[in-house]
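Trainee: I'm new to this one. Can you walk me through what stands out?

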Amino acid sequence: MRAYPRLILTAVTVMICMSLPVQTFNAGQGTSVHPASRLAREARSLQSNQIEAGNSSSYSGALDSQSSVEKQRHIIEMMRHAWNNYKLYAWGKNELNPISKRAHLSSVFGSGEMGATIVDGLDTLYVMGLTDEFREGRDWIAEHFNINEIDSELSVFETTIRFLGGLLSCYALTGDTIFRDKAAEVADALLPAFETPTGLPYALINPSTNASRQYHWADSNSILSELGTLHLEFSYLSDVTGREVYKNKVDKIREVLYTIEKPGDLYPNYINPRTGQWGQRHISLGALGDSFYEYLLKAWLASNRGDEQARTMFDTAMQAALDKMLRVSPSGLAYLAELKYGWVIEEKMEHLSCFAGGMFALAATTLENSFSERYMDVARKLTHTCHESYFRSETKLGPEAFRFSNAVEARAQKSDEKVYLLRPETFESYFIMWRLTKEQKYRDWGWEAVQALEKHCRVEGGYTGLTNVYHQNPQGDDVQQSYFLAETLKYLYLLFSDDSLLSLDEWVFNTEAHPLPIKGKNPLYRMASTPVPIEDNRV
Ligand code: DMJ
């Protein structure tokens with residue numbers, strides 16, 4: 001088993017940084033002794049002879065033989081293409097319709113001007129060293145981002161992973177307190193959703209009225225992946241503000257999930273926040289379940305392995321999940337199926353579950369126990385299967401869900417399964433697998449994906465998802481998702497970076513790829529020594 005390396009560089013950085021005051025971001029100016037500058041410095045050097053972004057939709061081809069640095073430079077140019085077009089056609093709105101070249105108003109955050117693409121994409125700009133773009137995004141947030149003025153229903157989960165996560169990453173990376181303060185405003189706006197008999201939050205909240213409710217399709221239930229994917233952000237926010245209220249909320253959720261009886265050690269996807277009872281016994285490592293499990297592992301990692309309860313819950317649940325949900329196709333492809341009442345309901349795996357390769361590899365390499373060998377084996381096999389789902393399509397991009405039978409393997413069958421929504425999960429696993437194994441194939445697979453994105457998803461006005469990955473010339477869905485900038489491009493960029501850029505020894509990525517520092521290990525943790533007085537400016 002590969003040991004989890006601790007870089008000497010890290011130790012040196014810690015020693016230097018201990019004596020440094022918190023500074024605000026000042027990229028591109030002065031001598032910069034700020035520890036975050038090593039991120040910006042590395043990225044800036046990549047830019048020295050950077051491709052001009054422009055608004056070209058052309059695909060240059062012949063990308064195969066490029067070095068890692070050239071590949072990173074190319075991905076930076078993709079980021080600029082996505083950002084510049086969002087800026088041109090949808091600035092301040094949530095997302096972009098890259099084909100019709102206007103704001104995308106029906107995204108998960110609705111028509112309110114929350115700048116989802118700005119907040120979600122900002123840390124990627126920073127990590128890539130795109131300092132001018134970072135500055136304009138930062139200034140928009142300072143001047144225009146006011147969650148309390150939003151009069152529409154927001155998902156507690158999506159707002160946490162994209163907005164809270166994005167702002168907290170930017171705070172950790174830069175020390176600019178505007179990000180911390182805006183993060184606290186976001187969390188404060190979500191707090192009324194936690195006012196339930198069990199403390200498990202409702203799914204939706206209107207920040208203007210504080211009215212909270214569940215999705216109609218979920219009856220009275222909350223969703224496991226939603227209430228279980230708040231822990232990293234709320235805990236870290238408590239530490240940087242000195243305000244315990246946020247951590248108390250997620251500790252309460254943890255307590256409920258720890259003490260509740262679990263059918264066969266598994267966690268069903270639905271739970272009622274009034275009664276604390278499970279809803280239907282549907283279990284998934286894809287939609288509705290996925291990042292709850294991811295956050296058990298990552299809560300343990302982010303706490304510098306202090307949160308042992310989380311790791312134990314993770315290991316117990318994963319043993320049950322692997323025993324009951326891991327399947328092998330006739331030709332030997334491993335995949336994660338879904339369960340209902342203890343039975344596999346469909347021989348199908350979702351693109352969303354493709355994050356699991358990276359998750360199992362992280363679990364395997366951070367603790368040597370009786371499960372680690374199996375975890376690493378599963379990590380390799382699942383990542384291979386997800387790559388197969390890409391490789392077996394005409395576009396070389398993967399479908400939203402893929403099935404297994406005697407007739408078909410790793411291919412979608414229904415039309416709504418054939419879409420590609422610019423999702424990141426497969427590339428996330430390539431990135432983690434590359435960092436932990438150094439097997440070249442993961443970089444090769446990532447580069448295949450870059451080429452496919454350029455060929456099929458790039459349009460003059462940005463990047464679009466696809467309606468059918470099995471067509472030679474697929475139609476675009478006309479949506480540039482904010483997570484394309486937050487996750488997809490960030491993971492592809494990091495796949496070709498040096499290990500010290502957002503080292504896995506110092507950072508944990510939230511489920512939206514926003515890096516959060518590991519407590520006690522990362523000098524950019526920025527723990528508040530006393531509670532930070534934050535103005536209550538709710539309207
Ligand atoms: C992202 O918002 C997050 O990765 C989330 O956990 C799952 N779905 C999307 C990307 O596919």
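**Salt bridges and the ligand site**

Mentor: The structure holds 34 salt bridges, each a side-chain nitrogen of Lys or Arg within 4 Å of a carboxyl oxygen of Asp or Glu. This is a predicted model, where local features need pLDDT of at least 70, side-chain atom pairs count only at pLDDT 80 or more, and totals for chains, interfaces and linings use all residues. Residues are numbered from 1 along each chain as its sequence is written, and side-chain values use heavy atoms, leaving out hydrogens and water.

Trainee: Which side chain meets Asp-239 in a salt bridge?

Mentor: Lys-519 does, at 2.8 Å from N to O. The pair links distant parts of the chain, 280 residues apart. Asp-239 is in helix α9 (residues 231–241), and Lys-519 is in the segment after β19 (515–517). Helices (H or I, at least four residues) and strands (E, at least two) are DSSP runs, numbered from the N terminus.

Trainee: New topic. Which helices supply at least two residues each of the shell around the ligand?

Mentor: α6 (156–174) and α17 (482–495). The residues around the ligand include Ile-161, Arg-162, Tyr-483 and Glu-487, counted when a heavy atom lies within 4 Å.

Trainee: How do they divide: nonpolar, polar, charged?

Mentor: Four are nonpolar, one is polar and five are charged.

Trainee: And what lies 2.6 Å from an oxygen atom of the ligand?

Mentor: A polar side-chain atom of Arg-423. An N or O atom in the side chain of Glu-425 is also 2.6 Å from a ligand oxygen.

Notes: Polar contact = N/O pair within 3.5 Å; in protein donor to acceptor, adjacent residues only side chain to side chain. Nonpolar A, V, L, I, M, F, W, Y, C, P; charged D, E, K, R; others polar.
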